[in-house]
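I am opening a notebook on this structure. My entries follow the order in which I looked things up.

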Amino acid sequence: MVDAVEQRHNMVESQIRPSDITDRRIIRAMQSVAREKFVPESVRSLAYQDGALALPTKHGGAKRAEHAPRVLAKLIQEANIKEHDVILDIGAATGYSSALLAQIGETVLALEEDELLAERATATLSDLSIDNVAVVTGPLIAGYPKAGPYDAIILEGAITAAPDHLFPQLKDAGRLVAVVQSNGSGQAMCWQRSGDTIFKRVCFDATATVLPGFEPVAEFSL
């Protein structure tokens, strides 16, 4: 029988620590949050694999996947989350990423548009008594302005262009992190708001599955 605790320990030691994760809160969270409890039974044996995790969706909808553990850890570190931060987790999927963020910040809004994933996330977070995460449903592309602005926004998948429409949902000094992907390659980017100005920096190379609503806009040509 596979020992999930041992797998989790091995994930942290072989994937997270060697990836320049220096924030000990992230390491502690990834050591303590049982990812195998969040993922569907059909992929539970892959919960701690070194790579993105494909997920079943309601009615076989848009292709979805959770970030590889090392990518998720690095994105959270780049978001520079403080103890009292309010965080919007876009594309929260199973709720695993939100559970990690809940151990680092104060409150997490977990936004998910797939009903099957949202139901699973709500149930698992409740079962684990994680009470500072609220799962909300709606189009991922819209964010969740009614509970904003946020100290940090994390997109749990790739996008194909700068998410300019989400910047108004950031507080002053708020950060937004995401993988921006084009032609099969990508980079993790961080945007930070300062008044009406948005500053951008490249963080690291990464690829991910594009989130629904963030696909490239088709260009018309004759």
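**Entry 1**

How many disulfides does a search of the whole structure find? I am working on a predicted model. My search of the whole structure gave zero disulfides.

I wanted the reason, and I went to Cys190. The closest cysteine sulfur to that of Cys190 belongs to Cys203, at 5.2 Å. A disulfide needs the two sulfur atoms within 2.5 Å. The pair is therefore too far apart for a bond. Cys203 is in no disulfide, and its nearest cysteine sulfur is that of Cys190.

Is Cys190 buried or exposed? I found a relative accessible area of 2% for Cys190, so this residue is buried.

**Entry 2**

I stayed with Cys190 and looked for its bridge partner. That partner is Arg201, in E9. Strands E8 and E9 run antiparallel and are joined by eight bridges. They form a hairpin, with two residues between them. I noted Gly195 in the turn, where phi is positive, about 65 degrees.

**Entry 1: the chain as a whole**

Next I stepped back. I counted five helices and nine strands in the chain. From the N terminus on, I read the order as α-α-β-β-α-β-α-β-α-β-β-β-β-β.

How does the radius of gyration compare with the globule rule? I got 16 Å for the chain, close to the 17 Å that the rule gives for 222 residues, so the chain is as compact as a globular protein of that length. Along the principal axes, the C-alpha atoms fill a box of roughly 55 × 45 × 35 Å.

I also looked at burial. Of the 222 residues, 51% count as buried.

In what order do the seven strands of the open sheet stand? I read E5-E4-E3-E6-E7-E8-E9, with mixed pairing. The edges are E5 (133-137) and E9 (197-205), and each of these pairs on one side only. From one strand to the next, the twist averages 20 degrees.

I picked out E6 and E7. Strand E6 covers residues 150-159 and E7 covers residues 170-182; they pair in the parallel sense over six bridges. Here Ile154 stands opposite Val177 of E7.

Which helices pack on this sheet? One is H3 (residues 69-78), which touches E6, E7, E8 and E9. The direction of H3 makes about 150 degrees with that of E9. Another is H5 (residues 115-127), in touch with E4 and E5. I noted about 165 degrees between the directions of H5 and E5.

**Entry 2: the cores**

I looked for nonpolar cores. The largest has 50 residues. Those with the most contacts inside it are Met30, Ile76, Ile81, Tyr96, Leu100 and Val179.

I followed Met30 first. Beyond its neighbours within four places in sequence, Met30 is in contact with residues including Met11, Ile16, Pro69, Tyr96 and Leu100. A second, separate core has 21 residues, among them Tyr144, Ile159, Ala178 and Met189.

**Entry 3: Ile81**

Where does Ile81 lie? I found Ile81 in the loop between H3 and strand E3 (86-90). Its relative accessibility is 2%, so Ile81 counts as buried. With neighbours within four places left aside, its contacts include Arg25, Ile87, Leu101, Ala152, Ile154 and Arg175. I also checked Ile81 against Glu106. They are 25 residues apart in sequence, with 9.5 Å between their C-alpha atoms.

Phi of Asn80 is positive, near 50 degrees, in a residue other than glycine. At 42% relative accessibility, Asn80 counts as partly exposed.

Ala173 has a positive phi too, near 75 degrees. Ala173 lies in strand E7. Its relative accessible area is 36%, which makes Ala173 partly exposed.

Gly148 and Pro149 are joined by a cis peptide bond, with omega about 0 degrees. I placed Pro149 in the loop between E5 and E6.

Note on methods
Residues numbered from 1 in each chain as written. Predicted model: local features only at pLDDT ≥ 70, side-chain atom pairs only at ≥ 80, totals over all residues. Heavy atoms only, no water. Pairing = 2+ DSSP bridges. Helix = DSSP H or I, 4+ residues; strand = E, 2+ residues; numbered from the N terminus. Axes fitted to C-alpha atoms, helices over the stretch in contact; angles between N-to-C directions. Contact = heavy atoms within 4.5 Å. Buried < 20%, exposed > 50% of the residue type's maximum accessible area, 1.4 Å probe, protein only. Core = buried A, V, L, I, M, F, W, Y, C linked by side-chain atoms within 4.5 Å. Rg over C-alpha atoms; globule rule 2.2 N^0.38 Å.
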